[in-house]
Amino acid sequence: MSRPSDFADDGFGDLRGDGPQNPRLGALEWLRWAWRQLTSMRTALLLLLALAVAAVPGSLIPQNSADPNGVINWKASNPGLVGVANALQLFDVYTSAWFSAIYLLLFISLVGCVVPRIAYHLKALRAAPPRTPSRLGRLPAYRSESSPGDPARALDAGERLLRRRRYRVARYGDSLSAERGYLRETGNLLFHAGLVGVLVSVFVGSGFTYTGQRVTVEGETFVNNQSNYDSLSTGRFFTDSTLQPYSLRLDSLTVKYEQQNPAALGEPLDYTARVTTRTPGHEPVHRIIKVNDPLEIGGSAVYLLGNGYAPHITVRNANGSIAFSGSVPFRPQDSNMTSLGVVKAEHTTSQARQIGLVGFLYPTVGKLSTGADTSIFPSLGDPLVSFNVWAGDLGLNGGATQNVYVLDTSRMKQVAARTLANKPIQLTRAQPTATLPDGLGTVHLDGIARYAALDIHHDPSQGWVAGFVVLTVAGLLTSLLVPRRRMWLKVTDDLDGGLRLEYAALARGDDPGLERAVGEFAHEHRRELEAPTPSAERVPAGV
Amino acid sequence: MRTPLDQLSVLLLLSAMALYAIAFVAFALDLARRSSEATQLADARAGVRRTTTAASVGGGGTAVLEAAPPAPPLIVSAKRTAARVGVGITIAGFVLHLGADVLRGVAAARVPWANMYEFSMTGTLIMVGLFLLALTRVDLRFLGSIMTGLVLVLLGIATIGFKVPVSPLPPALQSYWLVIHVFVAILGTGFFTLSGAVSAVQLVQSRRERALAAGRPATRLRLLATFPDTNRLENIAYRIAVVGFILWTFTLIAGAIWANHAWGRYWGWDTKEVWTFIIWVIYAGYLHARATRGWRGDGSGWLNLIGYAAVLFNFGVVNVFFHGLHAYSGLSS
Ligand code: HEM
C-alpha cells in the first residue's frame with residue numbers, strides 16, 4: 001500500500017484499484033480491514049474534524065488548567081449541571097478520555113499512514129520513471145508538433161533538456177519518460193512525520209517539566225527549593241534534584257501608569273522587576289525581568305505575571321508584644337488596584353483572642369457618591385487601608401494549609417465593621433496607627449511595598465518541540481510549493497517524412513504551471529533541434 | 001485621545017467606505033449584465049448545437065476526434081465596463097483605506113493592529129489588497145460584490161461596535177511578536193476570505209451544473225454561465241487557501257513562541273489558542289478533503305466555508321465575549 005486506498009488525485013494515481021472490499025471472516029482479514037479503515041484518508045479527515053469539534057467545549061466552559069476561578073464561578077452559577085459536566089470531564093476537556101481518544105486514534109492513523117508511504121517513497125526514489133502511456137493526447141497538458149530531422153537526435157536533445165531541468169529521465173524506445181519533484185512527497189512525509197515528532201516530544205517532555213508560583217515582596221529573597229513555592233506542579237519524572245540551586249532577591253518592582261491620555265488614564269505602561277540572583281560559585285548578578293522578557297536561570301525561566309501591593313502591618317497585643325508583623329500581599333480587584341487582603345495575627349495572649357483583619361487597600365483613595373471608599377488611580381498617591389476586625393480562633397492549628405487570602409471565620413466574631421458600632425479601622429500615611437476594639441491592641445501600617453507574582457517554568461523539551469516544528473514547516477512548504485510532474489516526449493515518423501514530436505505532462509495534485517511547463521519544454525526543444533549544434537546554455541532549473 | 005491625525009484617519013476610512021459602496025453597486029450592475037449575457041450565450045450555444053448536428057448528419061466523416069471540440073467562449077463580452085468601473089473605484093477606496101490605516105498607526109505611534117477596531121481596519125485593508133492583487137493574475141471580478149460587500153459590513157461593525165480611541169499598549173502586548181504574529185494572522189485571514197468567497201461561488205455553480213447534468217434547465221442564476229466551472233473554481237479556492245494555511249501555520253507557531261515569552265508556556269489551551277487550533281485543524285481537513293475520494297467538490301467547498309466561519313467566529317465572537325488571556329479587544333467588558 002502506498003497511499004491510503006481512498007487517496008484521490010488529479011494526477012498519476014499510485015492508486016491500487018482495490019475496489020470494494022469483501023472481507024472474509026478470518027480474524028486476520030478483519031484486522032487488516034480495520035487497519036485499512038483506520039489508516040484511510042476518510043478516517044484521517046473525519047478524525048481531524050472530530051478533533052476540531054471536540055476542542056470547542058473547552059473554549060465555552062472554563063477549564064481547570066487555564067482558569068480555575070472561572071470553574072468555581074461556573075459551578076456556582078450552574079449548580080444543576082455540575083454533575084453532568086464532571087461526568088463528561090468538561091472542566092478538563094483537553095486531558096479528558098474522549099479528547100485523548102480522538103487524538104490517539106489520529107496519531108495511530110497518522111503513523112499507520114506515514115510508515116508504509118515512507119517505505120514506498122524510498123523505493124520510488126530509486127525507480128526509473130514509468131513507461132510512456134500509449135496515448136499522450138489524453139493527458140491534461142499536451143502539444144504536438146512536426147519537425148524535420150533525425151529521431152535519435154531529437155530524443156538526445158530532449159533528454160539533455162529534461163535533465164537540465166532536473167528531471168529523472170528514462171528512454172523507452174521512441175519516447176522519453178521523465179519525472180521531477182520527488183521532493184514534494186518527501187516534504188509531505190516530512191510534514192506528517194514531523195507532526196509525530198512534535199506530539200511525542202510534547203508528551204514525553206511533559207514528564208520532565210515543572211511549573212511553580214511564588215509571590216515575592218520587594219526585599220524578599222526566593223530560594224529555589226520545593227518548600228519555597230506557593231504552588232508547584234511537576235511532571236512524572238520530577239525529582240528534588242530537578243530544582244537547581246539558586247536564589248533570587250526582588251530588589252524593586254516599578255510600574256509606570258499612563259498619566260496623560262484621558263482615554264487610557266491609569267493603564268499600566270510598563271512593569272520592571274529588578275532582581276539580584278545568586279548561583280553557587282558565582283558573584284551575585286543584577287538582572288531585570290519584564291513582562292515579555294523572562295529571566296533564564298538554573299535551567300528554568302522566571303516570568304513576571306502579576307503584581308500587587310503588600311502593606312507591611314504590625315499588630316500589637318494590649319501588653320505591647322507583637323502579635324503579627326510582616327508584609328501581607330493584597331490581591332488586586334480592579335484596574336485602579338483596589339486590593340483585598342487578610343491579616344492573621346496569631347501570636348496573641350490567648351488563642352481565643354486571635355485577631356483577623358480583612359479589608360481593602362485603596363492606593364489613591366476617593367469617595368463614591370454613596371460615601372464608600374474607592375481607588376481612583378492605581379499608584380500610591382494617597383493610600384488608605386481599611387479593615388474589618390474579627391476576634392477568636394483563626395483555626396491555624398488544624399494542620400490543614402490555609403488560603404492566605406481567606407479568613408476562616410467559623411470560630412471568630414466580628415468586632416468592627418461598617419454595620420457595627422465599632423467602625424472599620426482606617427490606616428493612612430498621616431494616621432498609620434489605629435486602636436483595635438475590645439482592648440485587643442493596636443495595628444500599625446509600617447509601609448506599602450509591591451510584590452511580584454513570579455511564575456517559574458522548567459521545560460527541557462522545548463528545544464525538541466521547536467526542532468520538530470521547524471521540520472514540519474519545512475515539509476509543509478516543500479510539499480505545498482514544489483510541483484511534482486511527469487513529462488513525456490514521443491518522437492514518431494510523420495506521414496510526410498518528417499518527425500512528429502509529442503509533448504505531454506501530468507502533475508500530482510494541483511499544478512497551475514503544468515501547461516506552461518510543457519509549452520516551454522516544447523519551445524526549448526524545437527530551438528535546440530533547429531540550432532546547428534546542441535546549445536550549451538543553461539536553462540534555469542525548476543521550470 | 002482624539003488627536004487630529006486620528007480624526008483624519010476616521011474621515012479617510014468613512015470616505016473609503018463610501019467608495020466601496022459605490023464599487024459594490026458597480027459590481028452588482030456587472031452581475032446583472034452577466035445575467036443577460038448568459039441568456040444570449042445559451043441561445044448562441046443552442047445555435048451551435050443545431051449546426052453541429054446538421055453537419056454530422058450530412059458529413060458522416062471518418063475522422064476520429066481525440067479531444068473534445070473547443071467549448072464556446074465563456075465570456076461573450078470581454079468589456080465588462082461596470083466591472084472595470086468597480087475595480088477602479090475599489091482601487092481608489094483602497095488608497096484612502098490605506099491612508100486611514102497608516103494615519104491610525106502614526107497617531108498611536110505603533111502598528112495599527114492592537115485592538116479590534118484596528119484589527120478590523122487592517123484586516124479589511126488586506127482583504128481588498130489581496131483581491132486587487134489576485135485580479136492581476138485571475139479574472140475574479142465576479143467576486144467584486146461579495147468582497148466589497150463583506151468589507152463594508154465588517155468596517156461598519158468595526159466603526160460602530162469596536163471604535164476605541166487611541167490608547168497605549170499594555171505591557172503584555174509590547175513585543176515584536178505583536179507585529180509578527182498578528183500581522184501574519186491578518187494576512188492569513190485575508191487569503192481565507194478570498195478563498196472562502198471562491199468556494200461559495202463554487203457551491204452555487206455546482207448546483208447549477210448538477211441541474212444541467214440532470215437535464216433540468218438552470219434558469220435561476222443564469223449569470224453563473226459566465227463564471228468559471230466548479231472544477232476551476234475549486235482549484236482557485238484551493239490555491240488561495242494553501243497560502244492561507246501556510247500563513248495560519250506561522251500564526252500558530254508565532255503565537256506559541258510569544259505565549260512562551262509572555263506567559264511561560266507555549267501552549268495552554270487558552271480560548272484564543274483553542275480557536276486558532278480549531279481553525280488550523282479544519283483547514284488541514286480541507287486540504288485532505290481535496291485528496292480524498294468522495295470529498296472532492298462540494299465536500300471540500302463546504303469545509304472551506306466552515307473553516308472561514310470559524311475564522312469569523314474566532315475574531316468576532318471569541319474576542320468580544322470569551323474570557324481568556326488574550327483580552328485585547330480594547331473594549332471594556
Ligand atoms: C495530525 C493529523 C494530520 C494533519 C494535521 C495533517 C495535515 C495535512 C496537511 C496540512 C496536508 C497538506 C500539506 C501536504 O501535502 O503536506 C496533508 C496532506 C496529506 N495528508 Fe495529512 N494530516 C494528518 C494526518 C494524516 C493521516 C492520518 C493521513 C493518512 C490517512 C494523512 C494523509 C495525507 C496525504 C495522503 C496527504 C497528501 C494530500 C495531497 O497530495 O494533496 N494525513 N495533511
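Across all chains of this predicted model, a search of the whole structure finds 30 aromatic pairs. A pair of aromatic rings is described by the distance of the centres and the angle of the planes.

One of these pairs is formed by Trp74(A) and Phe91(A): the ring centres are 5.4 Å apart and the planes meet at 75°, so the pair is edge-to-face, the cut-off for that class being over 60 degrees. Trp74(A) belongs to helix H4 (residues 68–77) of chain A, while Phe91(A) lies in the loop between helix H5 (82–87) and helix H6 (97–126) of chain A. The two residues are 17 residues apart, and the pair links distant parts of the chain. Both Trp74(A) and Phe91(A) are buried.

Tyr503(A) and Phe521(A) form another pair, with ring centres 5.4 Å apart and planes at 90°, so this pair is edge-to-face. Here strand S24 (residues 499–508) of chain A supplies Tyr503(A), and helix H10 (residues 514–530) of chain A supplies Phe521(A).

The ring of Phe203(A) has the charged end of Arg236(A) over it, 5.5 Å from the ring centre. At Tyr405(A), the charged end of Arg331(A) sits over the ring, 4.2 Å from its centre.

How values were computed: Residues numbered from 1 in each chain as written. Chains lettered and ligands numbered in written order. Predicted model: local features only at pLDDT ≥ 70, side-chain atom pairs only at ≥ 80, totals over all residues. Heavy atoms only, no water. Phe/Tyr/Trp six-rings, centres within 6.5 Å; stacked < 30°, edge-to-face > 60°. Helix = DSSP H or I, 4+ residues; strand = E, 2+ residues; numbered from the N terminus. Buried < 20%, exposed > 50% of the residue type's maximum accessible area, 1.4 Å probe, protein only. Lys NZ or Arg CZ within 6 Å of the ring centre and 35° of its normal.
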